[in-house]
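I opened this notebook to keep a record of what I looked up in one structure, entry by entry. Definitions are given where a term is first needed.

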Amino acid sequence: DVVVAIDGITYHESIDNMVDLLSSGEENDMWLLTIWRNGKFFEVFTRGPLGGIFEFTRPEESQMIMDLFQKREMGEKKDYRIFEALRDVRRVVDIYDTTHSQLAVVLPPVWLLQQKMWEPLLAILCVYLITFSVNIFLFILAVILVALYFRKGQVTLRRSYGMFQDRQVWAILAARSDKEAQEMCRGLDEKVNFINALVKPYKKELTKPRKKNKSGNVPKISQQYT
């Protein structure tokens, strides 16, 4: 991996200065890093030391990466959001925005329906139905408690649901839209496909089987004798 830019500005200073820079700022400040990996750019948010071994790139490699980075469209830092990507063994990726959703607090069933989380949706509807049939005040209490849970744990619930479907956390990226996040994941692994895909699916190239000559149908080789 090559650290190309910090907050959209190319970085050419020392390693010690980079470590100090990433550790500076307020407690909740995040730095937007542009990374070059295997011919592809992607962004991540980070805070503090990266915890790796650093070395300088060769001049020709740096120049090549800088030339490509100049052609890359970078948005404002405030436009980027954190996306988590969970992948299963079939390389099917579930990627979602971790930004806090007010809809999940006000209308949890609608948010669950939007996220296609069917089992939690059924559980919440059952809680609402049972408490409403018992006592209206119990129903109101259940609505408040569910809203408080979704206010604090919506991202954890979303991640847990992906793991419930046998997916593991694969990548955490910074992007401006769902489509851009999927394109970054495709850059990291060209063979992945997505749930609710916004990019073209990966299609495995099928090699045509070679025709085998049946016994007795071996083409004759003409020979000329002089």
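Predicted model: local features only at pLDDT ≥ 70, side-chain atom pairs only at ≥ 80, totals over all residues.

Entry 1, helix α7. I began with the buried residues of α7, which pack against β4, β5, β6, β7 (168–175) and β8 (193–194). The residues of α7 that I found buried are E180, A181, Q182, M184, C185 and R186. For my own reference, helices (H or I, at least four residues) and strands (E, at least two) are DSSP runs numbered from the N terminus, and buried means under 20% relative accessible area, exposed over 50%, and partly exposed in between, with a 1.4 Å probe and protein chains only. Contact means heavy atoms within 4.5 Å.

Residues are numbered from 1 along each chain as its sequence is written, and side-chain values use heavy atoms, with hydrogens and water left out.

I looked for disulfides, taken as pairs of cysteine sulfur atoms within 2.5 Å, and the structure holds 0 of them. C185 is buried at a relative accessible area of 0%, whereas C126 is partly exposed at 37%.

Which side chain does the side chain of D94 meet in a polar contact? It is that of R158, at 2.9 Å, where a polar contact is a pair of N or O atoms within 3.5 Å; within protein, one must be able to donate a hydrogen and the other to accept it, and residues adjacent in sequence count only if both atoms are side-chain atoms. D94 sits in strand β6 (residues 92–97) and counts as buried because its relative accessible area is 6%. Not counting residues up to four places away in sequence, D94 touches E84, A85, L86, R158, R167 and I195.

T98 belongs to the loop between β6 and α3 (102–106), and I noted it as buried, at 18% relative accessibility. The side chain of T98 reaches the backbone oxygen of I82 at 2.8 Å. Leaving aside neighbours within four places in sequence, T98 is in contact with I82, E84 and V155.

With neighbours within four places left aside, the contacts of W111 are S101, L103, A104, M117, F150, Q154, L157 and R158.

In helix α1 I looked up D16, which counts as exposed at 58% relative accessibility.

D7 lies in the loop between β1 and β2 (9–10) and is partly exposed at 27%. R91 lies in the loop between β5 (81–87) and β6 and is likewise partly exposed, at 33%.

On a 1 Å grid over the protein atoms alone, a pocket is an open set of points where a 1.4 Å probe fits, with protein on both sides within 12 Å along at least five of seven lines, and lining residues have an atom within 4 Å of a point. Grid points are joined across faces, edges and corners, and a volume is the space filled by probe spheres set on the points. The largest pocket has a volume of about 670 Å³ and a lining of 25 residues, of which D1, V2, V3, E55 and T57 lie nearest its centre. Helix α2 gives the largest share of that lining, 4 residues.

The second largest pocket holds about 470 Å³ and is lined by 22 residues, with I95, Y96, Q115, R158 and N196 nearest its centre. Strand β6, α4 (108–115), α6 (136–164) and α7 (178–188) each supply at least two residues of this lining.
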